[in-house]
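Me: Hi! I'm new to this one. Please walk me through it in plain words.

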Amino acid sequence: MKRKQVFQLFHLALILIEMTEAGKLCDFAAKFPCKGSHCLPSPCTSKTMQETEEPITAVPTELIGKTMQETEEPTTEVTTELLGPLMYTCPPNMIYGNCTCEATCEDPKGESACNSTCLTSKGCICKAGFMLNGSDCINAIECGCFVTDVNLVIPSGQTYVNDDCTHKCSCSNNRLICEDEYNCSTNAVCDVKNKVRQCYCNEGYEGDGETCVSLPYRDCQDVSDAGHRQDGVYTIMPTGWPGLPFNVSCKMENGGGWTVFQRRTDGSTSFYQNWTAYKDGFGDSRNLWLGNEKLHYLTNHRNYRLRFDITTSGGRAEYAEYTEFQVDSKSSNYTMNKLGNRSGSGNTGHNLAVNIGNQFSTHDRDNTACDRFNCAELHRSGWWHNGNGCSYCGVNEGYCNIFQYNSSCHSSCTGENLNGVYNGDNGEMIFSTDYCNVQYVEMKIRPTS
């Protein structure tokens, strides 16, 4: 009899709870944590109050206020089955409802968190406007940047582009940054790759999608046109080049797009090299010669201008620019067959015009047509040496471009010798328009159109 009275007291409690603002007991008692793939079934029992052995008509007043322990018979089994589930409630920012593919800060669309076993059950889910962050539901705006137009959160460090690639927004430190204009290049398409929508350059082109250039780059001007604004080493392949793409040093100052083919910064690399070395190129990032074969293909697939910068022995910076520069093929021994007018306000390079039309010479292949001496050997450099001074026998030793070739005669083969011995003497040193012992020199080219 005591057991039946306990049941009656418990069911009265259920009725009282159901009448409160908490709503139906089933909804109240079934609040179990549900986070995507961890939905729990509703804790409602299968029996209703009508299915109990006897209808509840009254509860003895002497039982009201008594605890389970105060009854004569133990009721542990009933407490475990019916009262235990009431201890589970939804965590903050969660509500009890149908389990869905939960949106997370890492996956705002909820695609990766979707679990089909959860979709047919109920449990605790994030409230509207909240997303899972680990095991907690937090406000969506705390995950990243909220794009109101598409009701989407962009995680910090990621970018959103609309369906037709005309609008682009990125999230940085929970701050939304949108571009006023975003348009694909004519050599690009709006596409989705690796779940990222944006403008992608077509095959054979490279760039950020807004700007696309053909690959590989033909020269450093193409590198600059592709949006690269930093000096550095890039891979190029001039039109018609029969070999593999190769690396070049690109300089982006003075208008940008300069392809470096010669540089001297110290004496760690000897420029007293043979014909093959000058043909193929040699050196490192501090001191280099790109190679006559590469220089030929570079200067013949587009029209180029030439610039060289020097730093004098006194630390003064000088430069010279020529409106045109072209080197012929190996069959002509890489003749410098074009050199345009000197322009700009630089105060060096005046004498380079003497080298126009001359073949390239090295100490093991003298192409100066002089039978009295080897210009490349006496100047200790590979260069477009001139043999016009071959018959000249002077006594003036006051110029750094003069060398002594016998007991009484002094002569010269060039007024610009940028590949000479670093800090040499007796006409062997680097010199440019009477600037001797040059500390630094760099020669580079850029397309004129």
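Reply: Happy to. A word on terms to begin with: helices (H or I, at least four residues) and strands (E, at least two) are DSSP runs, numbered from the N terminus, and two strands pair if DSSP finds at least two bridges between them. This is a predicted model, where local features need pLDDT of at least 70 and side-chain atom pairs count only at pLDDT 80 or more, while totals for chains, interfaces and linings use all residues. Residues are numbered from 1 along each chain as its sequence is written, and side-chain values use heavy atoms, with hydrogens and water left out.

Me: Thanks. How many helices and strands are there in the chain?
Reply: The chain has 8 helices and 28 strands.

Me: And how much of the chain is buried?
Reply: Buried residues are 44% of the 449 in the chain. Buried here means under 20% relative accessible area, exposed means over 50%, and partly exposed is in between, using a 1.4 Å probe and protein chains only.

Me: Let's do sheets. What is the strand order in the one with β8?
Reply: The order is β7-β8-β9, an open sheet of 3 strands with antiparallel pairing. At the edges are β7 (159-161) and β9 (175-178), each pairing on one side only. From one strand to the next the twist averages 20 degrees; the angles run from 0 to 180 degrees between N-to-C directions, with axes as lines fitted to C-alpha atoms, for helices over the stretch in contact.

Me: How many bridges join β8 to β9?
Reply: There are 4 of them, between antiparallel strands, and β8 covers residues 168-172. One to look for is Cys171, whose bridge partner in β9 is Leu176.

Me: Which strands make up the sheet with β26?
Reply: That open sheet has 3 strands in the order β25-β26-β27, paired antiparallel. Its edge strands are β25 (416-417) and β27 (435-436). Between β25 and β26 (residues 431-432) there are 2 bridges, and Glu416 stands opposite Ser432 in β26.

Me: What do β10 and β11 form?
Reply: They form a hairpin with 2 residues between them, and Asn194 in the turn has a positive phi of about 55 degrees. The antiparallel strands β10 (residues 188-193) and β11 (residues 196-201) are joined by 6 bridges. Ala188 faces Cys201 in β11.

Me: New topic: aromatic rings. How many aromatic pairs are there?
Reply: The count is 17. Rings of Phe, Tyr and Trp (its six-membered ring) pair if their centres lie within 6.5 Å; planes under 30 degrees apart are stacked, over 60 edge-to-face, and the rest tilted. Phe261 and Phe325 are a stacked pair, at 5.8 Å centre to centre and 10 degrees between the planes.

Me: Which parts does that pair tie together?
Reply: Phe261 is in strand β16 (residues 258-264) and Phe325 is in strand β20 (residues 317-327), so the pair ties together parts 64 residues apart in sequence. Phe261 counts as buried at 1% relative accessibility, and Phe325 does at 2%. A tilted pair is Trp289 with Trp384, at 6.2 Å centre to centre and 55 degrees between the planes. Trp289 sits in strand β18 (residues 288-289) and Trp384 in the loop between α8 (375-378) and β23 (403-404), so this pair ties together parts 95 residues apart in sequence. Trp289 and Trp384 are both buried.

Me: Which ring does Arg380 lie over?
Reply: Arg380 lies over the face of Tyr272, at 3.8 Å from the ring centre. Lys294 is over the face of Phe246, at 5.4 Å from the ring centre. The rule is that NZ of Lys or CZ of Arg is within 6 Å of the ring centre and within 35 degrees of the ring normal.

Me: Now Glu442: buried or exposed?
Reply: Glu442 counts as buried because its relative accessibility is 1%. You'll find Glu442 in strand β28 (residues 440-447). Leaving out residues up to four places away in sequence, Glu442 touches several others, among them Lys251, Arg263, Arg307 and Asp309; contact means heavy atoms within 4.5 Å.

Me: Last one: where does Thr312 lie?
Reply: Thr312 is in the loop between β19 (304-311) and β20. Thr312 is buried, with a relative accessible area of 7%. Thr312 and Cys436 are 124 residues apart in sequence, yet 7.3 Å apart in space, C-alpha to C-alpha.
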